[in-house]
Amino acid sequence: MTRATFHGFLRADGAVGIRNHVLILSVTGLTGPTARRIGRAVAGTRVIATPYGSGLFGEDAELQRRALAAFGCHANVGAVLVIGATPPHVERIAAAIAGTGKPVEALILDECDHDAITVTERGMRIAARMVREASRARRTEASLRDLTLGMECGRSDPSSGLVANPLVGCIVDAVVAAGGRAIFGETIEWLGAEHMLAARAVDADVAEAIKSAVLRRERQAVNAGLDLLGNNPGATNIAAGLTTIEEKSLGAIAKGGQSPIRGVIGIADTIPGPGLYLMDAPAYAPESVGGIVASGAQLMLFTTGVGNSFVSGLAPTIKISGNPVTAGRLHEQLDFDASDVFERRASLHDAAARLQAVMLEVASGTLTWGEILDEGDDVISRLGPAL
Amino acid sequence: MNWNATRLASDDNVATALQDIAAGDAIVVITPGASIELVALEPIGLCHKIALSDIATGAAVVKYGQCIGVATAPIRRGAWVHVHNLRSRRAQPA
């Protein structure tokens, strides 16, 4: 029987982290460089810095607040230093993070004489103390039901739909069956396969939400005069053998396994409960992964055809390919080589058991290539214009 | 181990190349049922698609048991199926 436990950091709110990051969270573009300076100066920190600020309004302002707070609240984060320009914005985000019970401190330009050097000095002291305290945490046993998986595909080719995505789908079904959570987005890559997703919806409202989310993106593309050919699938996908969005989508949805679909949520919305959810969000990997990680995914399963080095900064991202040429090339990018399934030297079932073992090792602390090579970033989508 | 392509569903009219295939090569397609043999009319790259039957202009190209688009030119059995002879049905201008 496949092992189903790992060792994680139990949080005050009951969540289980698979990493214990000290996060320097810059909530306005003005303080990004200062946050990055503190991050470079204090080993053991991670930086998330939005380039945007007070020009945002409406849905965009709400999404930024929600996602920034969610990064701070994330299970893989043990402590947070929030840095921003003005008190209400910083305090609102810091308060949301404090609600999880983890240590959070705030630095505000208005209260530091608008001096980046003052923010840097205070920030370094706070971050250093947080790292020391965070290093005292110890892992305890946790199980599949404590996991929230995010699934992503990037630089796909036909091997993705043949091998890597179905393999990830097997893991998703195992985690969901154990009471855990899973989510994938990339709405435009449901196009042509939305009837199959809708057929798995738990009720008619969810089925309708799936179909209308796809139709909305399809109309946006048509109204913008975009030909999806060359955009999605892109030139790299096409050279690798993909042809139409329908073909790409039918391969892409395999990463969601066969589990029932419990709902469709917005970018960076908290996943409401156990089971498989969809996120109505852009397909571009940094935006998609950012929204999924903000929704609570501790671990990303990221499939690729020809290779894709992008990973989340907060959520260890396991790179998987079934393409034998890619697997022979990207030794320090792929965490899991599934080319033996492509070449029919191994069954999907056996490979899924091996992938689950790798996933649980990573959940317990084994580093991914993306972590070792520091390819991680966490970004938030934009929806409309700014003032 | 003499197969070099795979068909994913029994009603698919295309197969996926599991190796680079040269023009004139024999193609042995693993399928959910019995294997199919045909000859490649042109080179087919790894992961690219081969027509398993003649496909008329406007007819559905089927993979995963689903329509992935329509043929924009007549496609012969053994030919390469790609963006030069296959087009999406979706997100098309009115």
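Predicted model: local features only at pLDDT ≥ 70, side-chain atom pairs only at ≥ 80, totals over all residues.
Colleague: What makes β6 and β9 of chain B edge strands?
Modeller: The open sheet of three strands runs in the order β6-β7-β9 (chain B), with antiparallel pairing. β6 (60-63) and β9 (86-87) each have a single partner strand, so one side of each is left without a neighbour in the sheet.

Colleague: Which strands stand at the edges of the sheet of six strands in chain B?
Modeller: That open sheet has the order β4-β3-β1-β2-β5-β8 (chain B), and its pairing is mixed. At its edges stand β4 (36-39) and β8 (80-81), each with a single partner strand, so one side of each lacks a neighbour in the sheet. Within the sheet, β2 (residues 14-17) and β5 (residues 49-51) of chain B pair in the antiparallel sense over three bridges, and Ala51(B) in β5(B) is the bridge partner of Val14(B).

Colleague: How many helices and strands does chain B have?
Modeller: Chain B has zero helices and nine strands, counted as DSSP runs (H or I, at least four residues, for helices; E, at least two, for strands) numbered from the N terminus.

Colleague: How do you know whether chain A is as compact as a globular protein of its length?
Modeller: Chain A, with its 14 helices and 14 strands, has a radius of gyration of 20 Å, close to the 21 Å that the globule rule gives for 387 residues, so chain A is as compact as a globular protein of that length. The radius is taken over C-alpha atoms, and the rule is 2.2 Å times the number of residues to the power 0.38.

Colleague: Why are α1(A) and α4(A) called oblique?
Modeller: Helix α1 (residues 32-41) and helix α4 (residues 116-134) of chain A pack at an angle of about 40 degrees, with their axes 9 Å apart. Angles under 35 degrees count as roughly parallel, over 145 as roughly antiparallel, 65 to 115 as roughly perpendicular and the rest as oblique, and the two helices are therefore oblique to each other. Among the residues that meet are Thr34(A), Arg37(A) and Ile38(A) in α1(A), and Val119(A), Gly123(A) and Met124(A) in α4(A). The residues of this contact divide into six nonpolar, three polar and one charged.

Colleague: How many residues does each chain bring to the contact between chains A and B?
Modeller: The contact takes 22 residues from chain A and 19 residues from chain B, where two residues are in contact if their C-beta atoms, placed from the backbone, lie within 7 Å. On the side of chain A that touches chain B, the largest share, four residues, comes from α9(A). α9(A) lies across β6 and β7 of chain B, running at about 165 degrees to β7(B).

How values were computed
Residues numbered from 1 in each chain as written. Chains lettered and ligands numbered in written order. Axes fitted to C-alpha atoms, helices over the stretch in contact; angles between N-to-C directions. Nonpolar A, V, L, I, M, F, W, Y, C, P; charged D, E, K, R; others polar. Pairing = 2+ DSSP bridges.
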